[in-house]
Amino acid sequence: MCLTDANLAVEREVLPNWVKPSHYDLNLYNFDFAGERGFTYDGAVTIKLDIAEATDKILINVVELKLTKASIVIAVQKTEQQVNATDITLDETKQVATLKFPDKLSQGAQADLRIEFQGVLNDKMSGFYRSKYELDGKTQYMFSTQFEATDARRAFPCFDEPALKATFDCTVTVPDELTALGNMPVKSEKPAKDGKKGGEKGPGPEGAEGLKIVEFERTPVMSTYLLAFVIAKMEYVEAHSTDPNIPVRVYTTPGFSSSANVALNAATKIIDYFSSVFDIPYALPKCDLVAVPEFAMGAMENWGLITYRTTAVLFDEGKSDEKYRQRVVYVVAHELAHQWFGNLVTMEFWDELWLNEGFATWMGWLAVDHLEPSWKVWDQFVSSSLQTALHLDSLRGSHPIEVPVRDALQINQIFDAISYQKGASSIRMLASHVGVDAFLKGVSSYLKKHSYSNAHTADLWSAISEKSGMDVGGFMNNWIKKIGYPVLDIVDKEDGTTITQRRFLSSGDVKPEEDETVWWVPLALRVGASGISSLSKEDIEKITALTEKETTLPMLKKGEFFKFNADQVGVYRVNYSPERLAALGEVAAKDQSLLSPSDRVGLVADAALMGISGFGSTTGLLELVSQLKGEENYVVWEQVCMRLSGLKSAWFEQSEEVQAALKKLTRELTGPKAKELGFEYPSKGESFLTSQLRTLLISVAGHAGDEEIVAEARKRFDAFVNGDESTIHPNLRRAVYGIVLSQGGSAADFDAVLNIYRNAPTDDAKENALAALGEIQDIELINKLLGMMLAGEFPIQDIHTPTGTLAANYVGRERQWECIKDNWTRITQSFGANPVVLNRFVPAAVNKFSSEEAGEDIRKFFEDKDCNAFSKALGQSLDAISAHASWVKRDAGAVEIWLDDHNYL
């Protein structure tokens with residue numbers, strides 16, 4: 001039964017420490033790039049080993065490789081002696097090959113392990129794999145690698161753990177017309193001779209004509225998961241960073257290099273920025289970025305050869321939706337941050353993944369803010385990343401930031417919002433407390449001390465403590481090692497304000513044994529300006545952090561204006577009394593200068609979650625958002641719309657009258673501002689955030705049935721599909737497609753959007769059209785879309801996109817779930833080759849349900865299924881469903897009364 005979730009086991013499946021690698025000499029050759037022999041290739045690897053413990057066997061990681069020969073070479077009296085393995089056995093479950101030798105290797109000796117093998121260029125988007133693209137009407141392939149977390153072993157036999165670092169000499173033999181890239185620059189490139197496709201270091205069959213041997217410079221000491229190759233027909237754009245002066249290239253498949261300039265411009269500047277703030281120059285002699293046609297994740301930080309999903313690195317000026325510009329700049333920054341934090345210094349094992357991903361997430365946004373301050377990315381971070389983290393961590397099935405993991409499947413499941421967004425949010429909280437300058441000086445010290453080696457969270461805390469003069473580990477350890485986060489209950493009294501912390505669960509049913517953690521909570525008090533607040537400077541300075549379960553602050557009198565968690569720098573929620581929440585909402589509506597955009601986002605988000613959990617009331621949220629009609633800020637509107645959308649989604653089984661009333665409320669809130677902004681863009685352009693606000697409000701008002709918005713969207717859509725592409729700005733196309741399909745869209749409309757998807761000039765345009773298809777309301781067209789998904793008509797890497805929009809579609813939600821149940825074997829066969837895909841697909845399909853019956857149906861269905869690839873995500877989805885079911889049951893009556901009292905019913 002999969003729902004027990006294995007408790008993320010304490011005993012790691014790791015290799016014994018009998019031997020340790022120091023260098024790999026890897027040669028790959030005899031590639032079947034045409035698929036005539038099943039896309040196989042041959043390889044030979046020689047690994048220099050230090051023998052730490054006498055042994056007659058060597059264990060090495062292998063998966064889906066055929067080992068044809070293994071031997072060990074040892075020095076005996078100044079001569080080399082080669083000894084062949086007497087037995088090779090494979091444990092497929094543990095992904096380990098055992099090589100048995102006739103005699104024990106002596107402790108303290110050095111030896112060369114030589115293995116010849118055959119691998120496959122698979123289609124799973126992991127290991128060494130092939131991805132398809134079209135060129136001049138013909139199918140072409142790019143061959144690239146994705147080794148994180150544990151898939152280097154899928155390409156060549158290796159000691160595939162992050163602490164087992166080594167240097168690498170790599171050689172590949174490829175056709176003359178293809179470009180071969182590695183982590184390092186090309187050392188030599190020469191024709192293959194004498195029938196040795198593998199060059200001098202590896203055998204190969206006869207017939208080397210038209211082939212070249214490409215040898216790369218030796219890499220620095222690094223982990224196996226960072227090794228990379230790309231082989232394909234490619235073109236590139238190039239520029240140089242300034243300090244240090246290194247060549248930076250963005251490679252694409254033929255015909256797309258003109259879309260690489262946004263990424264290139266960002267990369268050169270970000271390398272300079274990180275070299276400066278870390279006080280460590282970029283370590284390698286080049287930096288390549290590659291757009292890969294099929295890619296499971298967003299990007300991969302391979303040292304010196306960073307690979308990307310196309311929508312995360314390509315942006316076509318005039319054709320791409322502007323939201324992708326920010327995505328490209330951010331993802332480029334995130335992966336470049338890894339070149340220091342993760343590559344130069346690596347976590348010792350995957351249980352400290354957050355050291356890589358949490359830091360790269362925070363540092364990526366810091367770099368974007370440096371390059372584009374007008375984007376106000378920290379406000380966006382609060383509305384998006386922080387809320388994503390707080391949502392997942394409010395579920396009983398969450399996990400600590402630093403979490404024990406046993407094997408590859410468990411490792412894959414912690415590449416989630418806890419490791420990334422909660423990790424980044426915790427870093428942001430810490431940096432705000434100690435000061436960003438002191439924090440970065442500590443990071444620089446940490447990187448310098450542990451360069452080309454591995455480190456632990458405690459090492460980072462030690463370095464920051466030294467530079468800040470604070471006991472960082474003392475107040476941060478619970479944030480990293482304990483599950484969850486607190487909610488602060490604020491109670492106004494005549495003699496002051498009482499603050500109590502308790503663990504927050506969105507289900508609202510925290511058990512005593514789940515509420516034992518006492519967090520260090522920075523209170524970050526926001527008060528009014530002089531004349532509004534009676535608090536003295538001395539009073540304010542006394543209010544720093546909550547370090548116990550409860551305290552009373554006598555200086556905070558009843559009726560005093562204040563808000564905790566200024567700018568939402570803390571990773572917690574605040575539960576105000578209805579009276580104080582209403583007063584803060586009134587202030588936010590009347591004078592936006594008193595509460596920052598992040599403060600206003602926090603008020604809305606916290607009010608929403610107090611309603612869901614039962615700590616507060618959903619009517620409190622409705623009162624608050626009703627006060628914000630005059631709001632001008634994009635991120636505040638984004639949060640308001642997100643919370644209204646969540647309410648409507650959870651209430652989808654309520655009466656048609658209640659659903660119509662919630663849509664009416666949404667229209668009245670968003671419609672006026674949407675019409676003020678309109679569909680036409682000013683000729684001189686507008687700010688990024690204004691553009692995002694225009695798109696958001698038009699989309700939300702249209703989906704809520706605003707007749708004027710719907711009519712305008714329909715008019716422009718009809719003109720667009722009839723050839724006038726100027727009628728819909730690229731930023732509005734996703735919104736317009738969705739409005740048309742969700743508001744009475746016909747089969748002709750569906751086919752028109754499908755045609756847009758199939759013929760889109762850019763991959764981001766394809767992604768927008770694919771997402772919109774899931775909004776169709778007609779059951780026959782929903783069935784058509786589901787059939788196409790099952791038939792493989794959309795790339796597996798994108799299958800979560802229509803899945804998510806179907807789940808958000810009240811008609812599509814239940815039909816999709818029935819389809820999944822009816823076709824589960826087929827789905828696992830089609831989507832399950834890469835566990836990342838299935839781990840994304842399942843929660844996307846089920847987490848929008850909000851009834852106990854649906855939750856029980858999902859639970860029962862998966863009871864006898866193999867859920868090892870997605871057990872945590874499934875458990876978290878069931879937690880969310882349970883919380884929403886309780887929410888609806890508790891607040892449905894109160895919401896209906898509120899809607900009636902305010903003339904929406």
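On a 1 Å grid over the protein atoms alone, a cavity is a set of points where a 1.4 Å probe fits but cannot get out, whereas a pocket is an open set with protein on both sides within 12 Å along at least five of seven lines; residues count as lining when they have an atom within 4 Å of a point. Grid points are joined across faces, edges and corners, and a volume is the space filled by probe spheres set on the points. The model is predicted, so local features need pLDDT of at least 70 and side-chain atom pairs count only at pLDDT 80 or more, while totals for chains, interfaces and linings use all residues. Residues are numbered from 1 along each chain as its sequence is written, and side-chain values use heavy atoms, with hydrogens and water left out.

The structure holds 4 cavities of 30 Å³ or more. The largest cavity has a volume of about 50 Å³, and its lining consists of L786, M789, L790, Q816, C819, I820, I827, F831 and F841. Two or more of these residues come from each of α21 (779-790), α23 (810-822) and α24; helices (H or I, at least four residues) and strands (E, at least two) are DSSP runs, numbered from the N terminus. The lining of the largest cavity comprises 8 nonpolar residues, 1 polar residue and no charged ones, where Ala, Val, Leu, Ile, Met, Phe, Trp, Tyr, Cys and Pro count as nonpolar, Asp, Glu, Lys and Arg as charged, and the others, Gly among them, as polar.

By class, the lining of the second largest cavity has 2 nonpolar, 1 polar and 2 charged residues.

Turning to open space, the second largest pocket has a volume of about 1,300 Å³. It is lined by 48 residues, of which K132, P293, E294, P795 and Q797 are the closest to its centre. At least two lining residues of this pocket come from each of β9 (127-135), β10 (138-146), α20 (763-773) and α24 (824-831). The lining of the second largest pocket divides into 18 nonpolar, 16 polar and 14 charged residues.

Cysteines were also examined. With a disulfide taken as a pair of cysteine sulfur atoms within 2.5 Å, the count is 0. For C287, the closest cysteine sulfur, in C170, is 18 Å away, too far for a bond.
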